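Here's a quick briefing to read alongside the model. Take a look at the fold first, then work through the points below.

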Amino acid sequence: MSYETILVETQGAVTLITLNRPQALNALSSQVLADLITAFAAFQADPAQRCAVLTGSGDKAFAAGADIKEMADKPAAEFYAEDFFEGWTSKLVKATRKPWIAAVNGFALGGGCELAMMADFIIASENAKFGQPEIKLGVAPGMGGSQRLARAVGKAKAMDMCLTGRMMDAAEAERGGLVSRVVPHADLLPEALKAAQTIAAMPPLAALMNKEMVNLAFETTLDQGLLAERRMFQVLTATQDKAEGMAAFVEKRAGVWQGR
Ligand code: CO8
């Protein structure tokens, strides 16, 4: 498969996807979305692939936002008629049931911050900077920034970020709960790939269900979520991997997973 705006490689059971428009700080054009949809669909469809990492090329940016130059002269009627930005959630987030990690290597602004928040979790370089500066362009987040950021860091910080357009550094992002780990810049990709390899080595059905369960926490009441969690747990107890996992523990050996 060849792509115009991203690089894709596999390392064992891990797919590494790199946004590759360094001259535009990896700004997210329509072509980037089209390439990402194809790459994530291939990752999802390949049974040998178990986890993905998304990062940005160059040292400066993960992605500095949606491509402002592409949108500057676009008429409002077209944004609406095309339901502009809709594909990010339906074709990328919802269609990717396998786990994936964003490795944020620099600026993650506007759509870049929103793309990072679509991942299951974010590992950030010490150089990472997060922001929702859309207000400075006379608009507001359109790919989940107001919603996912508020769920990740709470109202106070989300309002501060969206209303002032200021950037949050990696330390603040970790304190606020936006990122799971901050690592030295040079360690970012090795650390993200190591985390991905760890996930890739887990029982595959359990990995899918763990992802589904945590995501459910943001969609339900506590009571509904707890019920769904118990049901999903009970379903997993019927798998061969559960029998193998428990036998392997008792026999003090590594489990060998079937994905059923
Ligand atoms: N879109 C298109 N090109 C971009 C973007 C972007 N989001 N960000 C940077 N670039 C380009 C620059 O234009 C520049 O290109 P060129 O060399 O051809 O002039 C190149 O990348 C390098 O950028 P800078 O020279 O600006 O690099 P600096 O180190 O001086 O600054 C910054 C880095 C601070 C990251 C700066 O580039 C910046 O502020 N970028 C824009 C950040 C931003 O506002 N992001 C949010 C975008 S909006 C969005 O994501 C969703 C809503 C959009 C609605 C828009 C309706 C019109």
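How do the residues of the lining of the second largest pocket divide into nonpolar, polar and charged? They divide into 15 nonpolar, four polar and two charged, where Ala, Val, Leu, Ile, Met, Phe, Trp, Tyr, Cys and Pro count as nonpolar, Asp, Glu, Lys and Arg as charged, and the others, Gly among them, as polar.

Bear in mind that this is a predicted model: local features need pLDDT of at least 70, side-chain atom pairs count only at pLDDT 80 or more, and totals for chains, interfaces and linings use all residues. Numbering runs from 1 along each chain as its sequence is written, and side-chain values use heavy atoms, with hydrogens and water left out.

**Second largest pocket**
- This pocket holds about 420 Å³ of space.
- Its lining has 21 residues, and A66, M71, E134, L137 and V139 are the closest to its centre.
- A pocket here is an open set of points on a 1 Å grid over the protein atoms alone, where a 1.4 Å probe fits, with protein on both sides within 12 Å along at least five of seven lines; lining residues have an atom within 4 Å of a point.
- Grid points are joined across faces, edges and corners, and the volume is the space filled by probe spheres set on them.
- Both α2 (68-71) and α5 give at least two residues to this lining.

**Largest pocket**
- Here you get about 1400 Å³ of space.
- There are 40 lining residues, with A119, D120, K211, N215 and F218 the closest to the centre.
- α9 brings the largest share of the lining, nine residues.
- By type, the lining splits into 24 nonpolar, eight polar and eight charged residues.

**Around the ligand**
- Of the 20 residues around the ligand, K60, A64, A66, I68 and G111 come nearest; "around" takes a heavy atom within 4 Å.
- A polar side-chain atom of K60 sits 2.6 Å from a ligand oxygen atom.
- Backbone N or O atoms also take part: one of A64 lies 2.9 Å from a ligand nitrogen atom, and one of A66 lies 2.8 Å from a ligand oxygen atom.

**L149**
- You'll find L149 in helix α6; helices are DSSP runs (H or I, at least four residues), numbered from the N terminus.
- L149 is buried, with a relative accessible area of 1%; buried means under 20% (1.4 Å probe, protein chains only).
- Leaving aside neighbours within four places in sequence, L149 is in contact (heavy atoms within 4.5 Å) with residues including M117, Q132 and L178.

How values were computed
Buried < 20%, exposed > 50% of the residue type's maximum accessible area, 1.4 Å probe, protein only. Polar contact = N/O pair within 3.5 Å; in protein donor to acceptor, adjacent residues only side chain to side chain.
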